Amino acid sequence: MSIKILIILAIPNFMSKIPSNIKFLRKKKGLTQQQFADAVGIKRSLVGAYEEERADPKYDLLKKIALFFDVSIDDFINETINEKWAPKPKGNPANLRVLSISVDKDDNENIELVPLKASAGYLNGYADPEYVAELPKFYLPMFKQGTHRAFEIKGDSMLPLVSGTIIIGEYVENWADVKPAETYVVISKNDGIVYKRIGNKFKENKPLKLISDNPVYEPYEITGEDVLEIWKAKAYISTHFPLPAPEPTLESLTSMMAQMQRSISNLQSN
């Protein structure tokens, strides 16, 4: 088993942005290559290699450098950072995002399971290769296309799916592709992992409406910049079997007969 890092919606030559960004941000802070190297814990020769495009920093170091310069890793990789640069809104569906996935010895993508006990940690580790490597994994042959992840849901807001049901979701790269009335697992900073029905198209600077199938729960909205990941529900796994259909009552039989009579009358009229 190994880990892959997917750069989602990245421009083809994203690494060409990094050397100039490191150099600009380092000089803006007034640091020499040696001072910068000491600050992030690497050799000075590596700084020169990165800035001169002779080597590419690994993902863990990219995160560390972006944090040091107080920029998002999305912008650090995807944008040309200079005096005219301004960070994009975090909810912009065109923003680059980083996704860690695991693969088996044949390079088939696994389906990582995020159980309830790991839900809190997922908010910090969803893009961390080491965190993803520790998650339980399985493989289903019917999901050969796309990237999938499984989430154990909690509560009764999406009945008849009960608490403990596992939702298998397909990763949504472009949030503008989210379709209203369909169900998704939405990962957000404030709400964590929730499984909901989407109430509207995703648009920049417009809240995303989340709807529960259980009418007891009121719909609510989250901002685009609060969203971290969206996974389209494709299947579910549950140990809870549906109850048998109830026996017909006199009222339901009467209603069925009345409907049949109306249908027959309509056919005779036509």
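Colour the protein chain by secondary structure: there are 8 helices and 11 strands. Helices (H or I, at least four residues) and strands (E, at least two) are DSSP runs, numbered from the N terminus. The model is predicted, so local features need pLDDT of at least 70 and side-chain atom pairs count only at pLDDT 80 or more, while totals for chains, interfaces and linings use all residues. Residues are numbered from 1 along each chain as its sequence is written, and side-chain values use heavy atoms, with hydrogens and water left out.

Now view the whole chain. Of the 270 residues in the protein chain, 40% are buried; buried means under 20% relative accessible area, exposed over 50%, and partly exposed in between (1.4 Å probe, protein chains only). A contact means heavy atoms within 4.5 Å. Among contacts in the protein chain with a separation of 6 or more, 63% join residues 24 or more positions apart.

Next, select helix α1 (residues 17-28) and helix α3 (residues 44-51). Their axes come within 7 Å and cross at roughly 120 degrees. Axes are lines fitted to C-alpha atoms, for helices over the stretch in contact, and angles run from 0 to 180 degrees between N-to-C directions. The two helices α1 and α3 are therefore oblique to each other: angles under 35 degrees count as roughly parallel, over 145 as roughly antiparallel, 65 to 115 as roughly perpendicular and the rest as oblique. Show side chains, and P19, I22, K23 and R26 in α1 meet V47, Y50 and E51 in α3.

Then select F76, Y122, Y195 and W231. These have the most contacts inside the largest nonpolar core, which has 44 residues. A nonpolar core is a set of buried Ala, Val, Leu, Ile, Met, Phe, Trp, Tyr and Cys residues joined through side-chain atoms within 4.5 Å. Helix α4 (residues 59-68) gives the most to this core, with 5 residues. Stay on Y122: leaving aside neighbours within four places in sequence, Y122 is in contact with V114, Y131, R149, F151, I187, I193, E229 and W231. A second, separate core of 13 residues includes V186, L208, L210 and V227.

Last, select P219, in the loop between β9 (208-211) and β10 (220-222). Beyond its neighbours within four places in sequence, P219 is in contact with K209, L210 and I211.
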